[in-house]
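Here are my notes for your reading. Please keep the model open while you go through the points.

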Amino acid sequence: MDGWLLAPGFVTTLARMHLLASRPALGRPAPWELPTATALIVVAFAVVGPEPRALPLVYLAAVTPHLCSVDLAVRRLPNRVVLPGFAAAGFGLVGQWMITGEWLLTALVAGLAYFVFLLVPALAGGMGMGDVKLAGVLGLSAGLVGQPTALLSPVTAFLLGGVVALVALRGGK
């Protein structure tokens, strides 16, 4: 429970450090990025608690607003923002193993499955490799939360993506 006492300071510091470190691509952060990142980090801790498996969730929460800004502006997901997510997931996996003694195979399988599932359209030119790498991090992170999350998160993402695509197509007519 003592970990919760450190969470607010950790949340703000992590979000600020990331936004400052990754800013050269776009200049000043959008006003909504830091509050959004902070809110997402709080949600990540609320879902998992102050455990090692929260590390990749917190990292993703901190970088998601920035990734959205960059993707909308330049249609890329920079490696310097996406790739550290693999380190966060690795630390989360090892830390959770050290505490519980169980190896979280679900996380490894989900990370590999998400990566391979998006690699196929990427090789065909349908999406960028940044999306594929991010999918691997998302799979590892979802797998650390549990099997239901690992199974439902890609389904939910594709359904929501389809709804957004339909709305965008309808709006364009």
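1. A residue is called buried when its relative accessible area is under 20%, exposed when it is over 50%, and partly exposed in between (1.4 Å probe, protein chains only). Helices (H or I, at least four residues) and strands (E, at least two) are DSSP runs, numbered from the N terminus. This is a predicted model, in which local features need pLDDT of at least 70 and side-chain atom pairs count only at pLDDT 80 or more, while totals for chains, interfaces and linings use all residues. Residues are numbered from 1 along each chain as its sequence is written, and side-chain values use heavy atoms, with hydrogens and water left out.

2. The protein has eight helices and zero strands. Of its 173 residues, 37% count as buried. A contact means heavy atoms within 4.5 Å. Among contacts between residues at least 6 apart in sequence, 68% join residues at least 24 apart.

3. Helix 6 takes in residues 105-123, 19 residues in number. From its first C-alpha to its last it reaches 27 Å, close to the 27 Å expected at 1.5 Å a residue; the expected span is 1.5 Å times one less than the number of residues.

4. Which residues of helix 6 are buried? They are A107, A110, G111, Y114, L118 and A122. These cover an arc of only 100° around the axis, which puts them on the same side of helix 6; the arc is that of the directions from the helix axis to the C-beta atoms. An α-helix has 3.6 residues a turn, so residues three or four places apart point the same way.

5. The buried residues of helix 6 pack against helix 5 (84-100), helix 7 (129-145) and helix 8 (147-171). On the face turned away from the buried side are the exposed residues L105, L112, F117, V120 and L123. Just after helix 6, G125 has a positive phi of about 90°.

6. Helix 8 has 25 residues, and the count of buried ones among them is one. Its end C-alpha atoms are 37 Å apart, which agrees with the 36 Å it should span at 1.5 Å a residue. A kink of about 25° lies at S153, shortly before the proline P154; the bend at a residue is the angle between axes fitted to the seven residues ending there and the seven starting there.

7. R75 sits in the loop between helix 3 (54-74) and helix 4 (79-82). Its phi is near 60°, a positive value in a residue other than glycine. R75 is exposed, with a relative accessible area of 71%.
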